[in-house]
Amino acid sequence: DQLPSVIYLDSAHEKDETFLELEQAWKVLRECGAILGDDWAWDAVREDVVRFAEGRNLPALPIYDKYEQKTPGLVLGPKGQWFIVKNGESCKFDANGTWGSASQNVNHPPALADSLTVHYMQQRVYDAYKVRIDAKIASIRDRGKPCSEQTTLAYAGEFGYEIQGVVPWRYNEAISTGCDLKTAGLAGTRYLYFFSKHHTTVGGHRGPLPLPNGNPIGNDPHVPELPKTNWKMPPFPSFFGEKGIRYDLRGMVPGPSNKPIAVVFNKYTLEWGNTPVNYLDIESLRSLLNILSPVYQVVYVRLESKKLGDSGEGDLQDFKDKDVIRQEYPSTILIDDLYNEATMDYNLLLFGVASQADLFVSVQGGNCVIASLWGKPNFIYAVKGGELRTGAFKNGWMGQLSGVDHESFVTVYGKREELIQGVQEWMDGAALWRGS
């Protein structure tokens, strides 16, 4: 049957309105399904929900003893969320806490309400942030003077190359000539070109392409120095992290946290047709998280190429980093667990999180470019790559990518243990400074 097993209510908030919605939802909810909602602090909502639950003579739910049952069958969850289970004769609860309907072959894990309410909060925080960012983009004033046709060509090379070579080129033309940009890019580039009011996305996949002709860097993105003319990095930190617009990461996860944020980037892909070398292994991740977790709310970022629209060299499947983090470091946030591919723009989510971070750890490739955009310390692990060959890391231009007035603190390490030591020394120094 096609009846829903979960219904989330979040519309009417006046007296009797939520009660009416509950009655209608109850009619179509399958047996053992759940109705969830929020805004428990609203008197009208709370009273309607309690009145509805009491009128159904529901039995108490045996598996939710960690949350308060305001009345049998009505559970108050985290952050003002609540839920009610349609508990019929065939709805059974087993010793493991799984509940469902044997007759309809529907089962829910005991953490159903936790999961649904958390994902709902995450989506709501993202949606609110997107509205604020989109409004900023829409407010860009048209001047009636189009930029060159070159700006309308989409670049299909690597993401990091586009950030360091194409984006500053486009931005410089707009601010230096006062023209109206019309930019284009592959899927996921809308917010990469946040300074362009008129941006379109086109189909395609990224691959190892040179930078486009006419670019101030040249065709090869691996250069010892950044251009002095026709190149200016747009202000990622101030645009995405502006006070009053900031992304509320703490509103997306259960429980209070006043810790500063640290973002750890990683990858595990074939490199130059061979086994990976520029990555943080499991033991290095453990060491890092042991250092960072007591002080920072850590966000771990390793998203597979297929989700980024990147043809790449191929993700390897035998890396158990996320399993280890979920099991051993449950307070660490995996960006995979925040990201909904169907309803979110990945780069907007990433930029929103990164704009709030105080520290980054990254590895060679596009992710160390992204981590260098925010004007905060960035510890990079790199043992092979064009950046080393051409002296880009040695000459320190990664620290110029943030577009802020000062050069950011960006350091590069050829050994994992040295990177870990560098992070520890930085944190020791920061702690000493805070205590002085």
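In what order do the five strands of the open sheet with mixed pairing stand? The order is β1-β2-β5-β4-β3, where strands (E, at least two residues) and helices (H or I, at least four residues) are DSSP runs numbered from the N terminus, and where two strands pair if DSSP finds at least two bridges between them. The model is a predicted one, in which local features need pLDDT of at least 70 and side-chain atom pairs count only at pLDDT 80 or more, while totals for chains, interfaces and linings use all residues. Residues are numbered from 1 along each chain as its sequence is written, and side-chain values use heavy atoms, with hydrogens and water left out.

If we take the contacts (heavy atoms within 4.5 Å) between residues at least 6 apart in sequence, 70% of them join residues at least 24 apart.

Strands of a sheet pair through backbone hydrogen bonds, either parallel or antiparallel. In the sheet β1-β2-β5-β4-β3, the edge strands are β1 (6-9) and β3 (68-71), each of which pairs on one side only, and the twist averages 25° from one strand to the next. Strand β1 pairs with β2 (residues 34-37) in the parallel sense over four bridges, and in β2 the bridge partner of Ile7 is Ile35. Helix α1 (residues 17-28) lies across β1, β2 and β5 (82-85) and runs at about 170° to β1, where angles run from 0 to 180 degrees between N-to-C directions and axes are lines fitted to C-alpha atoms, for helices over the stretch in contact. Helix α2 (residues 43-54) also packs on the sheet, touching β3, β4 (74-76) and β5, and its direction makes about 15° with that of β5.

A second open sheet has six strands in the order β13-β12-β11-β14-β15-β16, with parallel pairing. Its edge strands are β13 (333-334) and β16 (410-413), each pairing on one side only. Strand β12 (residues 297-301) is largely enclosed by the rest of the structure, because five of its five residues are buried. In a regular strand the side chains alternate between the two faces of the sheet. In β12 both faces are covered, with Gln297, Val299 and Val301 buried on one side and Val298 and Tyr300 buried on the other. Strand β11 (residues 261-265) pairs with β12 in the parallel sense over five bridges, Ile261 having Gln297 as its bridge partner in β12. Strands β12 and β13 also pair in the parallel sense, over two bridges, and Val299 stands opposite Ile333 in β13.

Helix α6 lies across β11, β12 and β14 (357-363), running at about 155° to β12. Two packed helices are described by the angle between their axes and the distance between the axes. For α6 (residues 282-292) and α8 (residues 321-328), the angle is about 35° and the axes are 10 Å apart. The contact is made by Ile282, Leu285, Arg286 and Leu289 of α6, together with Asp321, Val324, Ile325 and Glu328 of α8.

Two single residues complete the tour. Leu348 lies in helix α10 (residues 346-354) and counts as buried, at 0% relative accessibility. Leaving aside neighbours within four places in sequence, Leu348 is in contact with Tyr126, Tyr129, Lys130, Ile133, Tyr191 and Phe240, and its C-alpha atom is separated by 9.9 Å from that of Phe194, 154 residues apart along the chain. Asn215, in turn, lies in the loop between β10 (198-202) and α5 (236-241), and is buried, with a relative accessible area of 8%. Leaving aside neighbours within four places in sequence, Asn215 is in contact with Gly165, Val166 and Trp169.

Conventions. Buried means under 20% relative accessible area, exposed over 50%, partly exposed in between (1.4 Å probe, protein chains only).
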